[in-house]
Structure formats: C-alpha cells, structure tokens
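Subject: Structure handover

Hello,

Here is the structure I promised to pass on. Please open it first, then read my notes below.

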Amino acid sequence: MNSFVFLLLILPMVGALLAFILGKLNSRLAFWTAEFVSLTLFVLTLKLFVEYTQPLDIAMHWFSLGDFSIPFGIYIDQLSLVMLLIATGLGFLDVHFAHDYMAEDPHQPRYYAKVLFFIGGMILLVSAKDMISLFTGWEFMGVASYLLISFWHEKKDPADAGVSAFLFTRFGDIFLFAAIGILFYLTNTLDLMQLNAMARAGEIDQHKMYLVAVFIFIAAIGKSGQFPLFPWLMRAMEGPTTVSALIHGATMVNSGIYIVARLFDFYVAAEALLVVAAFGAVSAFIGATSALVQRELKKVLAYSTMSHLSLAFIGLGAGSLAAGMTHLVNHAIFKALLFLGAGAVIMMASHVKDMWRFGGYGKKMIFVSIAMAFGALSLSGIPPFSGFFSKDAIIATSLANPQTEGLIATLTFIAGVLSAAYISRLWFLTFAGETRDVALYEKVKAPSFFWITLPLLIMAALTLFMGFFQEDIAQFVSGSPLDEPHIPGLFFGLLSVIALLGLIVYYYYVKRLDITQKIAAQPLMKAIHTLLFNGYFIEFFIHYFVREIVVGSFARAIFWFDVNIVDAAVNGTRSLSLKVFKHLQKIHTAYASDNSGAMLYGIVILLLALFIGGLL
Amino acid sequence: MITPFYILLGFGLLSIVLHRTALLKPFALTAFGIAGSVSFMTASADLKLFEIIVSSVLFAFILHEQEDITITQTLFLGASSMLLLESDSILSFVIAFESLSLISVILVSYVRTKDEVEGAVKMFIASALATGFLFLGLTFYLMGGGELQEALHPNATLFEMIGVFIMLLALFYKLTLVPFHGWAVDTYAKVSHTNAALLSGVAKTVAVVAVFKIFEPFLALHLSFAVPLFITVAVITMTFGNFLALFRKNIAEILAYSSVAHAGYMALAFVAVSSSYAQDGILYMAIAYIFMQSAAFLILDTLKKSYAIVSLDDLHGFAQQNPLLGALLSIQLFSLAGIPLLAGFLAKAVIFYAVVDSGLWWVALIALLNSALSVAYYAIIVKSIYFEDLKVKKLSLSNRTTAFTAQLILVAGTIFFGIFAGVIL
C-alpha cells in the first residue's frame, strides 16, 4: 500500500523528466509519456480509492536535529482521496485532449513536462500530512502555473499574465509562510490533523488562531482567485485552454478551498468562518455579475470559476463542510468540461476567442454543444445535474445560518441564479442562432471524436451521473450528509427564477440581438457595462496602490537606507577585508623554510592555547 | 572475510596488466562498483554510507580520468581509504594512515611540469614531517603505557597525553589545519587538478572521518584538552583560509584556500565533541565536501584541458560558451558557499548546530561570519561565469561524455544530500 503512495508522488516528477527527454527525440513521444503516466496515476488513485478502509498516515521527517525536526509526511483520507481523483482523473482527460489541441505546437516536450510537474505538485499538496509538504506542493503548483500560463512566452500578453499570476499568488503565499511560522511557534507542531485536534480541544488561544486562520485564508484567496486577488485568474486565460481547464478551472484553484476544508475544525474553533463567508459572498457577486458582460469565451468561464469557488467558500463559511466540498467536486468536473468544450470551439474556430464572432456552431459540432449544454445545465443548477444539489444546499445553508442569513445569503442567492444567465448567454451566443462571422464559420470543421469529443462526453456523463449520488459524495468527503435545512419554496423559487433568466437570455441574445445592442448603447448601461467588463476595476486599484504607495514611498525609503547605510557598510567590509588579505598574504610565502618557521610558532600558539584552556 | 579493502587491492594489482588497453577503465569502474556493494553488505553501520559514497565518488573520478597510471593509483588510494575507515586500533590506524600518505605522494610524483614538481616536493616534505611527528607521538604514547593493538586509553597518563598531542599535530598536517597548511595550498593549486581532486576531495575527507572515529572517544573524555586546542585551530584555519581566498585570481588557488577553510569547519566537529550531534556533523560535512570539492576540481580540469582556462579572467562569459558545464560548476560552488537545498548548507547547519549544542555559541558565530565571508569569493567565480562578457571565443579541444557523466553523478550527490540528507542519515 505504502509503496503505491510513494509511486504516486514520484511518478509525475519522473514522468515530467522523461517526457522532456524523450520529447527531444520525437515530440509525439512526449505526449505518449504524459498520457501513459497520467493514466497510471489515475489507476493508482482508483486502486487507493477501492481499497480505502481508513486514513493512510505516514509520518516522515525531512530533516531532524535533536528536538527540532521538519516533518514531511503523507496523509490520505477521504477528502484527500476525492481531490486526488479529481487531479489525476481530470489531469488524464486533459492530457488526452491536448493531443489534438497542442498538436501543432513546436514545444510539446516542454508543455507535457510542465503539466506532469503540475499534477505532481497537486498530488503532493492534497496528500500532505503537515504544513511543510503542503507548502511544498503549493509552491510547486505556483511555479507550474506560472510556467504554463506563460507557455507562449514569445508573445507579450501570456508572458505578462504569467508574471501577474506569479505575483498575485506569491502575495498570498507570504501569508501562508507567515502562518506556518506562527503556528510552529504557538503549537510546536505542523501536523494538520494535530492542529485540528488541538483546536477542537481548545488548547490554543482563540485570538491567535483567528490571526493564523486569516493569514491562511489570504493565501487561499490568492490561489483560488477570490476578491481582491482575482485579476490574475482572468489574465491567466492567455495560456493554452487545456491549461486553463486543468489549472484554472478544475484543480489548482481548488487548493485554496482544500486548505480551508482541511483545517475546518481549526477554522471553526478560531471563529474565522464568517470572514471566509463574507469574502466568498463579495467574490461570488463580483464574479457572477462580471461574467455577464464578457466578450471572450474563456473570460466568462474565468469569472464563473471565481464565482463558483466563492460559493464553495460560502458553503464552508456557513458551517457546512459537506455543502462546500460537494460543490467543489461538482464544480471541478463541470468546469473542466466547460473549459475543454470552450477549448474545442476555440481550436475549431482558428483560435478566435470572441463570442460575438461565433453563433450557430451547434450545427457543426453537435456533440460538443450537447456536452457543453450538460455542463451549462449543471452550472445553472438544474436538477438532476450535480450542480443543482450542491448549489441548493449552499444557498439553503447560508439562509439557515443566523450569521450569514442577511447580506451574505442575498449575495449568494444572486450569484447562484445569475450563473444561469451568463452560462446560457455563453451557450446561446456560441451554439444557437445565426453565425455572426461567416468567413470564420466556413473554416470550422467537426473535431476529432476520440481525442476531443470523447473526453467531453465522459465528463458530461459524469456530471449527470453524479447528480444521483450527491448524498454519497457528501458523506464520503465530509463524513456528514448534505444536511439541507428545509426552507419551503426555495426549491421552486430557485428553479423558476433560473428558468425565467434562461428565457430572457434566449430572447435577448438569440431572437432579438438588435435590441440588446441598442440597450447596451445607452449611457447608463454603458457605464455599468464598463464597470463589470473590467471586473470592478479591482486590478486598476491594486496597480495604483502598489505603484503609488508601495513603490512610491516605502520602496523609496528602503532604497535610501540600502544605498546610504547598507552599501556603505558592505563597501567598508570590502576595504577591511582587503587590508586583512594583504597582511595575511605576507605570512604565506612559497618558501619551505618560512613554512616550517610558521609551524614552530603555531605549535607554540597551540601549547599556549592548551595552557590557557587548562587555566580556565 | 572479503572487505572493500581486499577487493580494491586485488583489482589494483591486477589492473597493472591492463595498462594501455581499453579494458582498464571498465575494470576499475567494476572494482569500485563491487567495493561499493560489498561495503553495503559488510561495513559497520555508522560508516556504511560513507564508504559507499567514497566508492561512488572514486567511480566518478575514474570516469573522468584519462591517465592509465593514475587509474591504478586511484584503486590503491581507494584501498587504503577503506583500510583507514575500517581501522579500529592505534596500530591499524597508523599503518593505514601511512599507506594513504604514501599513495598520495606517489600520486603526485608523476610530474610533467615544473609547477607539479614544486607541489609534489612540498607535499613529500610535509608528509615526511608528518610521519616523523606521528611516530614521535606514538613513541611517547607507548612510553606512557599505551597499547598498540587497542583503542586509545581513556585514562591517560601524562606521557600518553603528550603522545596524543604530538600525534594530533601530525594529523593536522594531513588535515591541512593552520599552521600546518603551508604545503597544502601550493600542492593543491600546482599539481594537476585531477590529483588535487583526489587529495583535497577524497583523501583529506577520509582522513578526517577516520581521525574523528579513532580520537573522538578519547577527546570526549578530555574536554579541557580538546576544546581549547581545536577552537584555536578551527577558528584560525577558517578565518585564514577565507580571507586569503578572497582576492585571488587563480581559480585553483581559490579552491585550495577554500579547502583549507573547510578543514576549519571540519575541525569544529572536534570542538563540539561533547555534543551528540558531532558525529552527525562530521558525517554530513564529509559527505557534502567529498562531492562538491572533487566535482569542482574535476570541472576545473576540464576547463583547463578543453578551454585553457586558468584564472578568473579566462572564465569570463563561460556560460555563453558551455552553459551546462557553467551551471554544474555554479551548483558546486554554491554548495561550497552553503546555499540552502544543497549539501554544503546542510553540512554547515548541522555542524554549527552541534557547536551551539555543546555550549560554544560564540565559536559558531565566528564560523557563521566566516561562512558569510566565503560566499564572496565563490560568488565572484559565478559572477565571471554568468555576468561578464565573453571576450575571446575559447577553443574547445575535446568534449568527453564520460567526464560529463562523472559530473552528473557528483552533482546528483550534492543536490540529493542537500534535500534528502535528513531522510537517509
């Protein structure tokens, strides 16, 4: 059993290296290595899943010295196992899909090596027993994400997007690192399970726990693209779509939620869940409203990802681990489906991403449109698709919790129903109606069934199929059922609003597109449109703040200190060293006689040292 | 019983027959492969890992080496190293130690240039002196009632103490501790770089580990004798080595002084002899040092032979010429400087921790400052590799894959023990 787990950790790294080296011989070999390795990983995870009886707990030490030790352990329980299944299963489908999507790229070895490296980081993160291995996996993914977003680094935008992603997530990571330091100082342990146990037993001061919980949550915000650290997620759409699907839809962005879920007892004891729910609600609202007006296919999905991850955060924040994690699982699958479907459309449309140039593509790629419709229905929350159950549970939980029932529940509700609007807008604009760019439309071909459509259909089937097993999933992930507080009328209210929104979108975006454009031309609508389109100008504010305040004043002060004080000291050291060097150099001559003289003096010095040492 | 010593000795004797044939190198490689696996099965637990590492470093060395005669000598050097590591009484220690000195002298006496003559002669004189001191010390020790066939007496008489002191002086020669380092700097910088790699990388490290193994129980009982002696030696040695390396221009000289400075760090393990981590410290340091120092000198050899690079100025812009070799050299230098995630860092961390643990925090502080100082001269080399402009395109005479494989083995050791040392040890 244990050796399988180690294989799970090591195989992606070895695979990455192999894919790179073999890929240099023949670029197709890189794909086959990645396909084989990711399939093996999935099979290994399935094996773990089938044989699962109790949490697997392997304590190891990276490095220990006396009573100070740095742990590096593995812990796989139900929660980790589900995350592992998502990471390896979707990872495999994603690699499979990339066969065609990346077929014409000259740098395939690099691509597959990075993807495998990324999967390895994710596996390390979710099977971590302690903060150190978790942090290592967290940073591995950060690096992999940066490398993959800027995969086409010859162009300016992807390169900038990579840097942006790196900086935004790094900002969060500083807080995670600080949290690890504080935790070690406070509790002398970095073991996640032990932290939970200590928190339950009330052994740590609540105020200090609150600080740590907030610090960790800031890191989670950065990684999961939540308010206010989300702009990188939208820019990350410059990367290959397969990367967006895997990293920015299905796996890496989940790690922020995973870390909160992993330390759920800690958060409960720290009374920090309200913070989680509040930031989640704001992000959910921003994401859902901004997604309404985006032009680019992938940007809609990016904002939708932000909004739905926030829903999972709200689920956790309202106190229901089951609701939050079930939504996370459902979201991972239908979002990967939507992203890959979008990838198929973009690939077939000669890498155009603008939805306004699509339209009527349903006729050319019927299976893709059906698969995406499944994803869209699940995302909108239509029963019996999986998304319905978890979203319903989150809204109900947020309404039932007295702490969140006011503003937070309202924002959650709005974000929840708006998802039906933006996703139906996306689907109608792409697949329904008449085409708006005939030249482009002519070039569109049906995608390959085995490489492109099959993974989509698998995920579409899954998202439908999982709808019937929501109770089991919730039970498995969190150990408690989706304890949905019964709120009369919520079910029908939700459904009718969603249906109504769907109809409105259908009317305005398919039947009467002309009216929509006229409405959009009004000054007030235009202003709102600009605000939403730019994500409430959060990125602008952050840049302004950084440039004017951080760089303008703090950095300048530090620079002055560096030049006038630190450098002066360093230069002083150099001239001092030079003096010592010159004097010492005189001692060392090339003559053997001088050497023996020095030895004689040396023996005298040593005897003297012994004498003094004996006296003391 | 078959020990690595007998295997290497046997292969060494047989290898003379194979000179001038293509079989010699594979033969020697097999010898070290077998020796490593025999160590794995038979060696005592605390030295098993180190013996395997010595075998694998010498394996990499053989991959690099081209001279037939040196390959045979390397086999003998490996044999006497193993003998030294396995020695458990004073007599076997002295015999093994002398055989290691002898083979070292023979190694450098194969001279081709005037510089090499100077280095060889200096080393010969120093070795002769050291042998004299060693036997003088041994005589005193025996006069005091010591036994040859046993380990050092714990309850030493005055004569025994004097004997141990004089023996230690002799060992300071071999370990290149100031003020007995004079020969080392000239020898390491002037003999051929492959020989310098063997002497400063392998022979010295093996000697340190063996000396620690033999003398540690005795010194731990006589702290008022050991601690002041080794504090003086260690502090002077590292400060001296680091300061003199600072403004050198010749890369081999920088490495030679850095080798002296590292001898000072190793002596810290003797300072911390009362701490239970001293044993770990010396082992970490020896493992890290044997990889990085041998690798650095071997790369220097390639640089000299293929690119005619001797001084820092020649090295300017080398990364543009051969980025891979430049990166390998940089990694080893960073490890020597003690940059985290490389073996050198962990070794220093453990050894400094041991010093602090034995209550001498101020010595650890001096060592830390020294270590910070040392970053400067390693960084200067890296700077000239990467951040200077390539002036003249250097001609590359030969590019051998075996030498490159050797470097890969060594760099793998440096990185592996930088990250996973805690898992293994």
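Bear in mind that this is a predicted model.

Start where the two chains meet. Chain B puts 28 residues into the contact, and chain A puts in 28 residues. On the side of chain B that touches chain A, five elements of chain B each supply at least two residues: helix H6 (114-143), helix H8 (182-190), helix H10 (223-246), helix H15 (343-357) and helix H18 (421-424). H10(B) gives the most to that side, with 11 residues. By class, this side of chain B has 21 nonpolar, 4 polar and 3 charged residues.

Next, chain A. It is divided into domain 1 (2-539) and domain 2 (540-615). Taken over C-alpha atoms, the centres of these two domains of chain A are separated by 50 Å. Their contact takes 5 residues from domain 1 of chain A and 4 residues from domain 2 of chain A. The domain 1 side of it has 4 nonpolar, no polar and 1 charged residues.

Last, a helix pair in chain B. The axes of helix H4 (residues 68-86) and helix H9 (residues 193-221) of chain B come within 9 Å and cross at roughly 10°. Angles under 35 degrees count as roughly parallel, so H4(B) is roughly parallel to H9(B). H4(B) makes the contact through residues including B:Thr70, B:Leu77 and B:Leu85. Among those from H9(B) are B:Thr194, B:Val202 and B:Ala210. By class, the contact of H4(B) with H9(B) has 10 nonpolar, 4 polar and no charged residues.

Best wishes

Notes
Residues numbered from 1 in each chain as written. Chains lettered and ligands numbered in written order. Predicted model: local features only at pLDDT ≥ 70, side-chain atom pairs only at ≥ 80, totals over all residues. Contact = placed C-beta atoms within 7 Å. Helix = DSSP H or I, 4+ residues; strand = E, 2+ residues; numbered from the N terminus. Nonpolar A, V, L, I, M, F, W, Y, C, P; charged D, E, K, R; others polar. Domains from an automatic or database assignment. Axes fitted to C-alpha atoms, helices over the stretch in contact; angles between N-to-C directions. Parallel < 35°, antiparallel > 145°, perpendicular 65-115°, else oblique.
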